Amino acid sequence: MNTLEIKDLHVSIGDKEIVKGLSLIIKTGEVHAIMGPNGTGKSTLSKAIAGHPDYTITSGDVLIDGKSILEMEPDERARAGVFLAFQYPSEIPGVTIANFLRAAQQARLAEGEELDATAYYKRLYSKMDMLKIDRKFTSRSVNEGFSGGEKKRCEILQMAMLEPIFSLMDETDSGLDIDALRIVADGVNAQRGEKLGVLLITHYQRLLDYIVPDFVHVMWDGRIVKSGDKSLALELEARGYDWVKQELAAASA
Amino acid sequence: MTPLTEIEAVATDPVVENPSVGIDQTAGNFSYDVAYEFDAGSGLSEKTVEYISSVKKEAPWILEFRKKALKTFESMPLPTHWATKDLENIDFNKIRYYLSQGQKPKRTWEEVPDDIKKTFERLGIPEQERKFLAGVEAQFDSEAAYSNIKDIVAKQGVIFCNSTEALREHPEIFRKWFGKVIPTSDNKFSALNSAVFSGGSFIYVPPGVKVAQPLQAYFRINAENFGQFERTLIIVDEGAEVTYMEGCTAPKFSTATLHSAVVELVALKGAKIQYITVQNWASNVYNLVTKRGLAMEEAEIKWIDCNIGSRLTMKYPGVILKGRKARGEVISIALANDGQHQDTGAKMIHAADETTSTIVAKSISVGQGRSTYRGVVHIPKHLKGCKNNTECDALLINTNSRTDTYPAITVRGDQHAVQHEASVSKVSEEQIFYMQQRGLTEGQAMSLSVNGFINDLARQFPMEYSVELKRLIDLEMEGSVG
């Protein structure tokens, strides 16, 4: 079992502080959902953990199995098992999905070790079939001209191929219709197990019907202000985020 | 006392720095070979030209051609009113204009710089070829490969030999077009080449013959073929087809600082010529090349040009679309790194109805490298139904990288369709972060992004080149990050 610990994290963009002291422990085998209104720092959190250069961690720590990852470059963190499913995945013109994933897999091998091409393609096709991605997509440039749904499915494909230890999923459901949502959820659920810890960032309850979380946290003004199990998500849906704000206001009064 | 040769002169000169870049441009260490029979000396005069002609035992008309060219060369100024002033750094007096076999200087393997050895390793160049490319051996024994190909195509009536042999053995075929596609006075450097040319490939393909495998300059490697003033003339008769490849991705050692080749192509009615070049000259070389093809009725000429090396390359492959429905195409990839200026582009001159031309040029500027696109598209008033499509894209890697675009499009008359698209971009940080998040280092991400940028052009190269090209770009990009 592995642990991802976020310890009193403070993250800024330029001068503006977005995450204001967030603490959370995620163990492999667990699915944590973070919900909250726009602008509360959910995406910032995931990007900061992944090592995005625009975000500065002003204090606090992020540790995997007790070791801080903050000194590590984004690619080192990735090879250490951190995966970020982007809200807005980038296009990479002229680089096919097949070649991109192959390069990513090759990067994880030891110096001098060559990736077994046949085995790689076999795996790639089986995952694509599972995610109902047309095999012809392997020769398309990564995300170029993809619809929102196709981009999200491509993110899950990458996750399936790279087999991370911790997966941070940033608004994976945004822009998806019900069918696409189901496919994406099935893809995530297929990987769910003792070896994977998931942080699911979402606005809406709907995704959590398909990917049932073990823990639900509400984020407000850069912090986690309430935690519970999956029923918390249902309560939020029924009562809205204002309910949480009011509770907080009352508590500090 | 024998006058200082070019090599010794350079070796004892104080370190010459390119003022704009601050990089030492002197050639690497090397040793000189033993005594030999003929010595043309350095500097250029009528004597040099006469010497070259006599060593080659040329017919009088060729000597006359050379002498006239020399006069033209001397009378023309450097084109620095539009081209880079770096041309003024060429010292024509220090150059040796002809070196025979035994004269080629060389160096020991130990003297070969590490980064060159590393490039060979990364590109997977066969052991045997490394020594030749690095200037350790003067000759690469490719005679076997060459004679094999020559015999195969000779059966089809194809002539494939060097300029000297061709003009001596087959003047009735070659003299007709020699100097007609590119007249001596076209520019100062075509004039220079016309005076001192040597080596190169002369090819004739008879009517209807479609040569199955690409003919390569590599087959004919010897010291002269990678020479300074190559002259190539390819004549493809009606309905015939040929592909020719020259150059290689591996860095080529040269003590000569000026390479000025002339390539003339003639595609007769319905013929097809594809000419592929990959250039990676050492970083002290001025590579000033004139390349042009003449396409007759329904003929097709395609230039696929990749420029990675040299200090300065000036090259604008062109096609004169002389016959109805002729087609011309230029695919160009240029990479300019620190201390380099790639000044490349294309020329399409429409001279008949319903002719089409396509130019796709992609350039990458890394570090302080500078890349320039110059394109000429000319469609005069009296023609009908012509089309041109030009796309030129530039990619800037670092903040001090530079790119310029000078398209010169002249279209007169109606019923023509001309399209020009240009873009300049940087590799986006978001894209790099995305790739890093998948486990690729920043360097690997940059390489992948750059390779993606040129991918649709690189795919048009024969496979062995495109694989090497990708590795070469990876190598170039490694230095650019951080």
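Predicted model: local features only at pLDDT ≥ 70, side-chain atom pairs only at ≥ 80, totals over all residues.
Figure 1. Along the principal axes, the C-alpha atoms of chain A fill a box of roughly 65 × 40 × 35 Å. Of the 253 residues in chain A, 40% are buried. Contacts in chain A between residues at least 6 apart in sequence include 74% that join residues at least 24 apart. Nine helices and 12 strands make up the secondary structure of chain A.

**Figure 2. An open antiparallel sheet in chain A.** The sheet has four strands, and their order is β2-β1-β4-β5 (chain A). At its edges lie β2 (16–27) and β5 (67–68) of chain A, each of which pairs on one side only.

**Figure 3. Pairing of β1 and β4 within the chain A sheet.** Strand β1 of chain A covers residues 3–13, and strand β4 of chain A covers residues 55–64. Eight bridges join these two strands in the antiparallel sense. In one of the bridges, Ile6(A) has Val62(A) of β4(A) as its partner.

**Figure 4. The contact between chain B and chain A.** Chain B contributes 19 residues to this contact, and chain A contributes 21 residues. On the side of chain B that touches chain A, two or more residues come from each of α10 (429–437) and α11 (442–458) of chain B. The element that gives the most to this side of chain B is α11(B), with eight residues. Sorted by class, the side of chain B that touches chain A holds five nonpolar, 10 polar and four charged residues.

**Figure 5. The contact between the two domains of chain B.** Domain 1 of chain B spans 1–315, and domain 2 of chain B spans 430–482. Domain 1 of chain B supplies 11 residues to the contact, and domain 2 of chain B supplies nine residues. On the side of domain 1 that touches domain 2 of chain B, the elements with at least two residues each are α4 (114–123), β8 (272–279) and β10 (300–307) of chain B. With three residues, α4(B) gives the most to this side of domain 1. By class, the side of domain 1 of chain B that touches domain 2 of chain B comprises eight nonpolar, two polar and one charged residues.

Definitions and conventions:
Residues numbered from 1 in each chain as written. Chains lettered and ligands numbered in written order. Contact = placed C-beta atoms within 7 Å. Nonpolar A, V, L, I, M, F, W, Y, C, P; charged D, E, K, R; others polar. Domains from an automatic or database assignment. Pairing = 2+ DSSP bridges. Buried ≥ 20, exposed ≤ 12 C-beta atoms within 10 Å, placed from the backbone.
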